[in-house]
Amino acid sequence: MPIRILSVDDEQDLEALLTQYFRRKIRRGEYEFTFAHDGVEALDLILRGPHYDIILSDINMPEMDGLTLLARINEMRDPAMRCIIVSAYGDLENIRVAMNEGAFDFATKPIDMEDLERTIEKAVKQIAFVKEAQREHDQLEAIRHDLSVAQEIQQSILPKTFPPFPEYVSLFDLYARMTAAKSVGGDFYDFFMIDDCHLGLTVADVSDKGVPAAIFMAISRTVIRTIALSKLSPAACMAKANEMLCKESVNGMFVTAFYAILNIRTGLLTYCDAGHNQPVACLQGHPAELLPLSGGMALGVMPNDSYRERVIQLAPGDRVFLYTDGVSEATDPERQLFGERRLLEVCEQARALDPRAMVERVAAAVHAFVGEADRSDDITMMALAYNGGSR
C-alpha cells in the first residue's frame, strides 16, 4: 500500500513541484499524492476519500486556514494520520500554535525539498509503527473475543443448577464451581443420575492450561460421562476412559480424575481415583480426614492400565469435599502452599454447613491465604452432603 499524502495549498505551483521531486517514489508506488487548494476542499476529500496518511497543509489559505483544518482533523482521532504544517518563514507564532495542536512537524516556505523529504520519511516511520500497534491491538481484541466466547462455551458445559436434583433433596445435596486461572481452564466437574438409585460424581484436572486444556477438558468430560452412563463401575469406567483418552491425547496432556458413584438410598460411596487429589471426608464422630486413594494413574498416560475401587459408608449428615490441586497448591506471597492441613481445618469448621456454604467457606479461605499473589492454577471444588434415608 502506498503512503497517501494530501497536499493542501492555494499555490498552484506546489503541485508541480511535489510531483516532479517525488516522481520516482510515485512511479514505484511508494507515495500517492492528492491535491486540494483550501481547507474546505481538503476536509471534503478526507471525509469522502480513501484514508490519508499524511496531510501536508499550508497555514494561510482562503475558505479554511491550516490551523482550522488541523483542529477538524484532530476531532477525527485518527492515531495513524500525521499533519505537516507549511508556513512562511518567520511565522513562528502560527507554527508554535500548530505544534501545540498536534502537528507532527513543520516546513517553511520556500520549501527545502530535501528537508521535506526527510520530514515525510520520519512521518512514514511513525505511521508504520502506529499501524503495527493498531494491528496488534486488533489481533489482541480478536483473541480476547474468542477467549470470551470459549469461556462462555466452557461454562455452559458445566452443570450450574443447584440443587441439581430437587426431587432427591431429602437424600442428598451438592454444590460445585470451577474458577479458571486464565480465561478458560482445564478443570471440570460433573454429576448425573445414572439411575433412580445412583448418582455419578466427577472432578478432574487436565495437565495443561488455557485453550488446549479447555479443548481436552471438553473431550475428557464427554468421554467420562458417556462411559459412566453405561452403568460401569468406577474402576471399569476409569479404565475405559483411559483407553479412549490415550488415543486422543496430544502434546503429552493427561487428566487426573476422581469418579465416584453414590447409592443415594444406602449411602454407600464407591470411588476410583486416577492420579487425583485425596478428597476430604467429614464423617459423623470423626474429624475431617483425607480419603485413602485407590492408586490409579492419570488418564491418557499409559494404555491398558488397571484401576481399583474403594468404598466408604456415608451416614446422614456426612460430607465429602472434592477438589483439584488449585486448592491445595495455592500459594501465598511467600510461596507457601495452602496445603492439605489448612484444607482439613477449614472443612472441619464447615462440616455442618450446606454444600454451597462449604464450598464458599473454602474458597474464601484460599482467597485470604493467597492475598495479592498471582493465581496460576484453576480451582474446582465440589461438596456432597448425604442426608440419608429413603424418600
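A: Helices (H or I, at least four residues) and strands (E, at least two) are DSSP runs, numbered from the N terminus. This is a predicted model, in which local features need pLDDT of at least 70, side-chain atom pairs count only at pLDDT 80 or more, and totals for chains, interfaces and linings use all residues. Residues are numbered from 1 along each chain as its sequence is written, and side-chain values use heavy atoms, with hydrogens and water left out.

Q: Does Ile261 count as buried or exposed?

A: Buried means under 20% relative accessible area, exposed over 50%, and partly exposed in between (1.4 Å probe, protein chains only). Ile261 counts as buried because its relative accessibility is 12%.

Q: Which residues is Ile261 in contact with, leaving aside neighbours within four places in sequence?

A: Contact means heavy atoms within 4.5 Å. On that basis Ile261 touches Ile194, His198, Leu199, Leu232, Pro234, Leu268, Leu269 and Thr270. Phe172 lies 89 residues from Ile261 along the chain, and the C-alpha atoms of the two are 13 Å apart.

Q: How do I read a sheet?

A: Strands of a sheet pair through backbone hydrogen bonds, either parallel or antiparallel. Two strands pair if DSSP finds at least two bridges between them. Here five strands make an open sheet with antiparallel pairing, in the order β6-β15-β14-β11-β12. Its edge strands, β6 (172-179) and β12 (289-290), each pair on one side only. Inside the sheet, β14 (residues 319-323) and β15 (residues 379-386) are joined antiparallel by five bridges, and Phe321 stands opposite Ala383 in β15.

Q: Which strands does helix α11 lie across?

A: Helix α11 (residues 355-370) lies across β6, β11 (280-282), β14 and β15, and it runs at about 145° to β15. Axes are lines fitted to C-alpha atoms, for helices over the stretch in contact, and angles run from 0 to 180 degrees between N-to-C directions.

Q: How is empty space found?

A: Rolling a probe the size of a water molecule over the atoms shows where empty space is left. On a 1 Å grid over the protein atoms alone, a cavity is a set of points where a 1.4 Å probe fits but cannot get out, and a pocket is an open set with protein on both sides within 12 Å along at least five of seven lines; lining residues have an atom within 4 Å of a point. Grid points are joined across faces, edges and corners, and a volume is the space filled by probe spheres set on the points. The largest pocket holds about 190 Å³.

Q: Which element supplies the largest share of the lining of the largest pocket?

A: α11 does, with four residues. β6, α11 and β15 each give at least two. Among the lining residues are Arg177, Ala363, His367 and Met381.

Q: How many cavities of 30 Å³ or more are found in the whole structure?

A: The search finds one. The largest cavity has a volume of about 60 Å³, and β1 (3-8), α1 (13-21) and β2 (31-36) each supply at least two of its lining residues. Ser7, Leu14 and Phe35 are among those residues.
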